[in-house]
Amino acid sequence: MFEDKSFRVVVNIAGWLAMVFLVFPVILTVVVSFNGSQFIEFPPTSFSLDWYANISSIHRIGSATLISLGIGLMAAGLATVFAIGAALVLVRYPLPAKPVLTAFLLSPVTLPTVAIGIALIQFFIMLDVAFTWYSLVFGHIVLIVAYPIRTIIASLTLSDTSLEEAASSLGAGRLTVFRTITLPQLRPGLISGFLFAFLISFDNYPISIFLVRGELTTMPIEVFNYISQNLDPTPAAFSTLYIVIVSIVIMLAERRYGIISLAVGK
Amino acid sequence: MARLEIDSIRLAIGENEILKGVSLDIAEGECVSILGPSGCGKTTTLRAIAGFTTPHAGDIRIDERSILELPPHKRNLGLVFQDYALFPHMTVTENIAYGLVMRKASKVDIRQRVDQILELVQLSDLENRFPSEMSGGQRQRVALARALVIHPDVLLLDEPLGALDRKLRDQMQVEFRRIQHEVGITTIFVTHDQEEALSLSDRVAVMLDGQIQEIGAPETLYQSPISHDVMTFLGASNVLTGVIAYDENSNAKVECDGGLVLKVNTTGLKNGERKRLGIRPENFTISSTIDTQVPNSFNGTIEECIYKGAYADVYVRINSGHLINVHYKKQHGGNDHGIAKSGTVVIGSNIFISVHPENILMFT
Amino acid sequence: MSISIKRGRGRKYLPALVMLGPLIAFMFIFYAVPFGNMAYESLHSWPGDEKPHVGLSVFQYEKTTQKSRTVKSLKRTFRISIISTIITFIICFPITLLLLRSPPRIKVGILLVTFISLASSLIIRNYGWLVVLADAGPINNILIWLKIFEFPKRMAYSEGAIITALVHYCMPFMILPIYGSLLRIPASNAEASLSLGANAWTTLRRVILPLSMPGIFGGTMLSFAICMSSYVTPLMLGSPSTAMVSQVAAEQIEVQLNFPWGSAIIITLTLGSFLIVFIYAALVSKVMRVDV
């Protein structure tokens, strides 16, 4: 695009250095997770898989991960179902005050996450439902619902309404059109919206920390606690596993549904 | 004002050779169009001149000096893009002044030249508008003004009228010709629109499959193309194949399948040689009776008639079995050649068509 | 459709209400009401206050703007957010240009890395910085090897560490919108600029940069909002002396159980951050003539 030598050199150097910055901590975490030392050190001195075996010593890591999974799946699932209807209305149907409604529904993303936590814990204490699993699910939905709404709106804007008109002219009823034409076109938006909603819920700390107590605990809270109380590289082993799994999920989602092109536009 | 020489440039992307040795010589002040279907390499040629892509072989020269080593911003060419590429965040004045600012012209000078060019393209009252506030035709003029104001050596246009609707396009054709004459600048433009190429340029270069097939004045190119491909690409044509034969008076004729025999005027043909013939539909005449004075007169039946406004496309199945496309224009004074009733051609009527030998073009 | 219009205005909106209604109701109950409740709470007094009062007052807000701990943390939060956002922009813009001029395979690779880091846990990414900045970590070892330090220096648990991690966290949020808006600029715009005699740098400054303003605004705004509300990052990479506002508010709620003041602090942060974003948007749309 810009055929100019000095420009090309500067962009290449600056761009690749920035990419190194982006992946540097990840690569280092992976390296450290295989190091034998009791402490974090680089360059590594010996090879060991001890820290992977030691993951189980993170307090309640198993049950906490299961709870995070359950909360994440429920919150992301409900948020995505809510978001389908909402996005359809916001893109396709006549309704007064649409910009205001859209801004309202998308606003939780721009608020301090701690504010949502503080507001909700007071509210749940008032209703006497604090520290229940469902109040945690509700709290997470508030935070994550904006993501599927956004991605589904993006999918809808890209989708072609004439396909639906063609289907109904061929004799399909409203529900059939929705099921056979609209929904398949929305699939990339649904998948990436659900995926990000789930990952954000799964990773959330600032809201969960206010809404959990006792047996109700989540993965990020337990990992955080372990990191703040121990100096050994066990979290590095856990992080490596986490990053590997997330990478596989993202790559599969990209290969099957092209979530990247949806996020940046064609 | 300058002379532009494109000297057998070649360009390949991977295995795919896009330009297969393109040469074109454009004289000072001349306006040449490169005409071809999409994918023939015409836009690539233009981009190579502008410096956005580099040919692997060959040379491009302006006034004898090679410009291949120069980056785009040092080539001093005026470019008009297909989508106009007006800067959406700048006003008309700012858009036009851009190139002058880059050339470090003084403020007074810039103002004067912008005003002058705005007058030339008749947009003086819109100088403070943004591109989004203007019509397609107005944007096109701004794009032209922006390219011309820097006094480029050569003006390059990429499908300049392609984005306009038919009526506006006709207006802009006249306008464009006026401006081009007034400025007298060496111009090269690429288009896939034959009418645009034939009406706007001094010479037309027909480009097919990465090569310039033929170049010539619009009329010559249309009336007597040398290559069969150019004939079929430019306008409609009837193409027949046949074998050369000479009669007892050594008059040349071509014997086609189905017993169709055409007299031709061309000389220097070998007996028994196989040739392709091309005849333009408008070179046929239609009548209801046979005129024995006219050579190449054939009897046939009208199979289809498509009304085109100024004329009608009539398809005649002649007795040899060939389907011939003939243009039919209703004549003044009631002479409708007996084939039409109340202005419409009757399908199925029996008629005669004829063509003068000199209107039959011959290709290998 | 035509039938429902005939039956009156209410019917026209019926399908919209059925589909959107549940979410609006949910968000009203679990979002709008709790925030209203929190705002109401912030106007009350706390039993432990020096002079507890009955009824409503702006006492907690006065306290927020007077106590040195909250004032300092507000200033620090603002400073860290501005610095992090600017650094993030400077680091990410070359990546977006690199994306623009890379062949498809490299492009997809860069975008995948960006997405994976976007999807990786914040706690895990912060942990990565704890590793990098550790006493026996690579940075310290390189600096000792280069003989810049004699002994390892404590680099984690500082404002610099917080900024580094925040920049890292914000990068995907900066890259994606800017790259998106760069993609929407027709290539012919840059080519037109070059053909008119501008070199690549001038073209970048006068054409590409102004036209990518919507994406730059989106990315910087998002980064700024993320930094302003950051909580986990200063908790992991900072110290008590580098506390940011969310931490101070959370401390009041969790440790002191001072709900009124904690609410007032977090509302102050929210409003402050909204105000700044609003002023920024107004400036951008006015100066750059871009709709944002």
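A search of the whole structure, which is a predicted model, finds 27 aromatic pairs over all chains, where rings of Phe, Tyr and Trp (its six-membered ring) pair if their centres lie within 6.5 Å, and planes under 30 degrees apart count as stacked, over 60 as edge-to-face and the rest as tilted. Among them are Phe238(A) and Tyr242(A), whose ring centres are 6.5 Å apart and whose planes stand at 45°, so that the pair is tilted. Phe238(A) and Tyr242(A) are four residues apart in helix α12 (residues 234-257) of chain A, and are therefore separated by about one helical turn; helices here are DSSP runs (H or I, at least four residues), numbered from the N terminus. Phe238(A) is buried at a relative accessible area of 11%, and Tyr242(A) is buried as well, at 7%, with buried meaning under 20% relative accessible area, exposed over 50% and partly exposed in between (1.4 Å probe, protein chains only).

Phe217(C) and Tyr280(C) form a tilted aromatic pair, at 5.1 Å centre to centre and with 40° between the planes. This pair links distant parts of the chain, since Phe217(C) lies in helix α12 (residues 213-228) of chain C and Tyr280(C) in helix α15 (residues 259-288) of chain C, 63 residues apart. Phe217(C) is buried, with a relative accessible area of 8%, whereas Tyr280(C) counts as partly exposed at 27%.

One aromatic cluster includes residues of chain A and of chain C: Phe82(A), Phe123(A), Phe124(A), Trp133(A), Tyr134(A), Phe138(A), Phe26(C) and Phe30(C).

Turning to the interface of these chains, 92 residues of chain C are in contact with 94 residues of chain A, contact meaning heavy atoms within 4.5 Å. The area buried between chain C and chain A is about 8,400 Å², with carbon and sulfur atoms giving 83% of it; buried area is the accessible area (1.4 Å probe) that two parts lose on being put together, summed over both. Helix α3 (residues 14-42) of chain C gives the most to the side of chain C that touches chain A, with 20 residues. That side of chain C divides into 70 nonpolar, 18 polar and four charged residues, where Ala, Val, Leu, Ile, Met, Phe, Trp, Tyr, Cys and Pro count as nonpolar, Asp, Glu, Lys and Arg as charged, and the others, Gly among them, as polar.

Residues are numbered from 1 along each chain as its sequence is written, and chains are lettered from A in the order in which they are written. Local features need pLDDT of at least 70, side-chain atom pairs count only at pLDDT 80 or more, and totals for chains, interfaces and linings use all residues, while side-chain values use heavy atoms, with hydrogens and water left out.

Notes:
Helices (H or I, at least four residues) and strands (E, at least two) are DSSP runs, numbered from the N terminus.
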